[in-house]
Amino acid sequence: MMQITLEQTDDELVVLPKGRIDTSTADEFGEKLMAAIEEADCVRIDFEEVAYISSAGLRVLLNAQKTVNRNGKELICCNINEIVESVLVSTGFTNILTIE
């Protein structure tokens with residue numbers, strides 16, 4: 001089970017997923033993320049409460065990054081824990097995503 005909260009700040013929309021981003025939750029995460037990208041020029045994903053991300057979740061991130069690149073928008077990943085960071089590093093996603 002995953003929870004996804006959205007928070008609007010002055011200049012960006014923050015996506016706050018909580019739980020695991022895997023095969024059973026990636027579609028829901030993708031839908032919410034793509035809706036956020038449509039709505040805002042800058043979207044920040046706060047990974048603080050994400051326990052795990054699978055290849056299905058990585059596919060969502062890749063599609064989101066391609067979309068923002070095409071549309072001149074920005075996607076920022078932040079508060080990445082060690083588990084998620086190890087997946088991003090081992091898959092080369094640290095070279096694709098903007099990470100703060």
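This is a predicted model: local features need pLDDT of at least 70, side-chain atom pairs count only at pLDDT 80 or more; totals for chains, interfaces and linings use all residues.
Figure 1. Strands count as paired if DSSP finds at least two bridges between them. Strands themselves are DSSP runs of E with at least two residues, and helices are runs of H or I with at least four, numbered from the N terminus. Local features need pLDDT of at least 70, side-chain atom pairs count only at pLDDT 80 or more, and totals for chains, interfaces and linings use all residues. Residues are numbered from 1 along each chain as its sequence is written, and side-chain values use heavy atoms, with hydrogens and water left out.

**Figure 2. The two sides of β3.** Cys42, Arg44 and Asp46 point one way from the strand. Val43 and Ile45 point the other way. In a regular strand the side chains alternate between the two faces of the sheet. Buried here means under 20% relative accessible area, exposed means over 50%, and partly exposed lies in between (1.4 Å probe, protein chains only). By that rule, 5 of the 5 residues of β3 are buried, so the strand is largely enclosed by the rest of the structure.

**Figure 3. The surroundings of Val43.** Contact means heavy atoms within 4.5 Å. Leaving aside neighbours within four places in sequence, Val43 is in contact with Leu13, Val15, Leu33, Ala36, Ile37, Glu74, Leu75 and Ile76.

**Figure 4. Strand β2 and its partners.** Strand β1 (residues 3-8) and strand β2 (residues 13-21) pair in the antiparallel sense, with 6 bridges. A hairpin of 4 residues joins them. Within this pairing, Glu7 has Val14 of β2 as its bridge partner. β2 also pairs with β3 (residues 42-46), in the parallel sense, over 3 bridges. There, Val15 stands opposite Ile45. A further parallel pairing links β2 to β4 (residues 49-53) through 4 bridges. Gly19 faces Val50 of β4 as its opposite residue.

Figure 5. A salt bridge is a side-chain nitrogen of Lys or Arg within 4 Å of a carboxyl oxygen of Asp or Glu. Side chains of opposite charge can pair when their charged atoms come close. The structure holds 4 salt bridges. In one of them, Glu12 meets Arg44, with the closest N and O atoms 2.7 Å apart. Glu12 lies in the loop between β1 and β2 and Arg44 in β3, so the pair ties together parts that are 32 residues apart in sequence. Both partners are buried: Glu12 has a relative accessible area of 12%, and Arg44 has 16%. Arg44 also forms a salt bridge with Glu100, at 2.7 Å from N to O. This pair links distant parts of the chain, since Glu100 sits in the segment after β6 (98-99), 56 residues from Arg44. Glu100 is exposed, at 55% relative accessibility. Shared partners join Glu12, Arg44 and Glu100 into one network.

**Figure 6. The pair Asp22 and Arg20.** These two residues form a salt bridge, with the closest N and O atoms 3.2 Å apart. Asp22 is buried, at 14% relative accessibility. Arg20 is partly exposed, with a relative accessible area of 42%.

**Figure 7. The largest nonpolar core.** A nonpolar core is a set of buried Ala, Val, Leu, Ile, Met, Phe, Trp, Tyr and Cys residues joined through side-chain atoms within 4.5 Å. In soluble globular proteins, nonpolar side chains tend to be buried together. The largest core here has 29 residues. Phe29, Leu33, Val43, Ile45, Phe47, Ile53 and Leu61 touch the most other members. At least two core residues come from each of β2, α1 (26-39), β3, β4, α2 (55-71), β5 (74-78) and α3 (82-90). The most come from α2, with 6 residues.

**Figure 8. The chain around these views.** The protein chain has 3 helices and 6 strands. From the N terminus on, their order is β-β-α-β-β-α-β-α-β. Buried residues make up 45% of the 100 residues. Along its principal axes the C-alpha trace spans about 30 × 30 × 20 Å.
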